[in-house]
Amino acid sequence: MRKVELKGLTKSYDGKQDVLKAIDVTIEPGEFFVLVGPSGCGKSTMLRMIAGLESITAGELALDGKRANALSPSDRDLSMVFQNYALYPHLTVEQNITFGLHVKKISKKEQKARCEEVCAMLGLTDYMKRKPKELSGGQRQRVALARAVVTQAPLCLMDEPLSNLDAKLRAKMRSEIRQLQRKLGITMIYVTHDQTEAMTMADRMMILSGGDVQQIGRPLDVYNNPANTFVASFIGSPPMNLIEAEISDSVLVADGHWMTPITADMKAKLQTDKVTLGVRPEHISLAKDSEPGFLVQVANVEVLGTETLVTFDFGEDTQWIAKWNGQSDIQPGAQIRIAVDDHHLALYSTETGERIYCQASEQAAEKKVSS
Amino acid sequence: MTVIRQEATSGSTGDWHLERKRAWSNWMTGMMFLLPSLILFGVFLFYPMVRTVYLSLFLTDSQGVPVVFVGWENFVNLFQSTSFQLSAKATALFVLYTVPAGIVLATALAILANQKLRGIGLFRTMFSATMGMSVAASSVIWMFLFNPSIGLFNRILAALNIPGVQWLLDPQYALLSVSVATIWMNTGFAFLILLGGLQNIDQSLYESARIAGVSESYKLRKITLPMLSPTLFFVTTVSLINAFQTFGQIDLLTRGGPMESTNVIVYSIYKDAFINYNVGSASAQAVLLFVAVLIVTVLQFKIGERKVHYQ
């Protein structure tokens, strides 16, 4: 287990533009920490800086409280799993797993014992004499994992390890990696562009965009309480619905005529009369007869078995998605009346995208005060 | 797939005809694409080869017209002639001197030039430059370097108070001298191909090794060389064939001399055919050279390929 601290960590390749801008975060021992963001956001660069494969332009990296900026990768006592697995094609699975162990002064006998142990753990025992090209994608992935585990390093870095697998296998490996990390009790830093992986695996996650930290937090906190419109639209599948809205008196008006009341408490926080309104798909429902509703035209319906995704036109060039439980038989083109749960509204500044108000966080704060 | 096949087999004879027609037109389309290279290979390669084998079985007049069928006599004469034995020995030595040394040198240069350093492009250009030079121009340069009175090598020897050497005129040194020049000429090609091979190696393999903390020589032995082996194999094969066929620099530097010490088989073929007008014997030597190259290449594939790791 290992504590990783980043203090103002900055990376620039040309000395002018920063690809990572002063990252501050502390990753606790034994934590499963996920770095998530769209491609090109700097998440892999950050991981490679922690590994020592990229130099640090400014700031400090500390491992277990000791400055590690200038340490060579092998002196940082960590293991890494690469996106393409980086297996040696000319070596057998066994040779791949034990590659480089002689540097750590581990005897041949001990190497073999360790290799057999991890192979048993990862179900590779029957494949130890095979070459990587004779393995399936999932088995190669396991060899890459085994190579990280066999070093017994207290910190493991993973760079999009599941992105080359098909969807079904990915879901399986997700759970396996998480279980493995728990079993070994190691600190894990995991890079992905897939928000589902981040949500399902992380103890805590960091959302990066354009080299800036957007939000750091536990998955559910991030989901319920996105810090800005970027996080709101990145985390969650389908993402949070967003639309510009105007405030007049005590109602919020979107698209010229759709209205929802706002509370005095909400109003007190609003400085402007223009905001971006955010609603999660699961908080939109079909309006009951007694309820006030809003008439919209259905553009597309996706029935997934346990739930139904309804895409409808909202405003001139905006489409929203609603998510309902069960199997709905609404047809595309139909007019439906929808209602928005006004206990779950989020309001963002239209200019900066920053969160102004989020009902979920207010409720959480209230709970804390009362308890 | 199965549905289509069922229809095809249970269908009427009309279907069968259609299929035949389609197969025929497919074959024709394929042949059309092959035709240009078939014609070129036929005219410049297959026909001369067959003609050479044919001529090797005849005594010819001075125009190269076959006169008397003599069967294996040309070959028998060759095996009995000391001149041919010397030629074969010179060729074997020449291949032995140039190929391994050239490949080791090119590999070393390629590994050096594969570093990420400022201005490395300059070195890459320099190391590969010999590829762009004609054999004639290179030979002239080396002729100056080897010149006994004004050449650089003898001046260096003189500066060190060592008596000069007749590089190209001394039978002891001539083949070695031509070999050195040849290594220099061939390095550019091998270097360029090997550098390409090095740059194709996945960087994450080295990154993984850096995290493991293995030494540079371990990386070279366990990653670079195995991963480069397909390229090395290709370069070795091409270099071997090339070395067997060397002609230009020998013609320009030594003309097969002194005392036939650099009279490699290709040069001997040339002399027999175009100076002695003994086309039959020249053809027989060409056939033997072809067989020798074939055997060496087949052996190389049989033995060498086992050590090659294709991805």
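A cavity here is a set of grid points where a 1.4 Å probe fits but cannot get out. The views below come from a predicted model, and by that definition the structure holds two cavities of 30 Å³ or more.

**View 1. The largest cavity has residues of chains A and B around its centre.** About 180 Å³ of space lies in this cavity. Of its 16 lining residues, A:Arg147, A:Thr151, B:Ser208, B:Ile211 and B:Ala212 lie nearest the centre. Look for β6 (78-81) and α4 (137-150) of chain A together with α9 of chain B, the elements that give two or more residues to this lining. By class, the lining has 10 nonpolar, four polar and two charged residues.

**View 2. The second largest cavity has a volume of about 40 Å³.** Helix α4, strand β7 (155-159) and helix α5 (167-184) of chain A each supply at least two residues of its lining. Among the lining residues you will find A:Leu145, A:Cys156, A:Met158, A:Leu180 and A:Gln181. The lining divides into nine nonpolar residues, one polar and no charged.

**View 3. The largest pocket is lined by 17 residues.** Its volume is about 700 Å³. Nearest the centre of this pocket lie B:Asn114, B:Gln115, B:Gln203, B:Tyr206 and B:Glu216. Three helices of chain B, α8 (174-199), α9 (203-212) and α10 (216-244), each supply at least two lining residues.

**View 4. A nonpolar surface patch on chain B covers about 970 Å².** The residues that make this patch include B:Leu34, B:Leu38, B:Ile39, B:Phe41, B:Phe44 and B:Phe46. Take B:Phe41 as your landmark: B:Phe41 lies in helix α2 (residues 13-55) of chain B. Why does B:Phe41 count as partly exposed? Its relative accessible area is 44%, and partly exposed covers the range between the buried limit, under 20%, and the exposed limit, over 50%.

Key: Residues are numbered from 1 along each chain as its sequence is written. Chains are lettered from A and ligands numbered from 1 in the order in which they are written. This is a predicted model: local features need pLDDT of at least 70, side-chain atom pairs count only at pLDDT 80 or more; totals for chains, interfaces and linings use all residues. Side-chain values use heavy atoms; hydrogens and water are left out. Patches are made of residues with over 30% relative accessible area and no salt bridge: like charges are joined within 9 Å, nonpolar side chains (Val, Leu, Ile, Met, Phe, Trp, Tyr) within 5 Å. Accessible areas come from the Shrake-Rupley method with a 1.4 Å probe; for residues, only the protein chains shown count as cover. A salt bridge is a side-chain nitrogen of Lys or Arg within 4 Å of a carboxyl oxygen of Asp or Glu. Helices (H or I, at least four residues) and strands (E, at least two) are DSSP runs, numbered from the N terminus. Buried means under 20% relative accessible area, exposed over 50%, partly exposed in between (1.4 Å probe, protein chains only). On a 1 Å grid over the protein atoms alone, a cavity is a set of points where a 1.4 Å probe fits but cannot get out, and a pocket is an open set with protein on both sides within 12 Å along at least five of seven lines; lining residues have an atom within 4 Å of a point. Grid points are joined across faces, edges and corners, and a volume is the space filled by probe spheres set on the points. Ala, Val, Leu, Ile, Met, Phe, Trp, Tyr, Cys and Pro count as nonpolar, Asp, Glu, Lys and Arg as charged, and the others, Gly among them, as polar.
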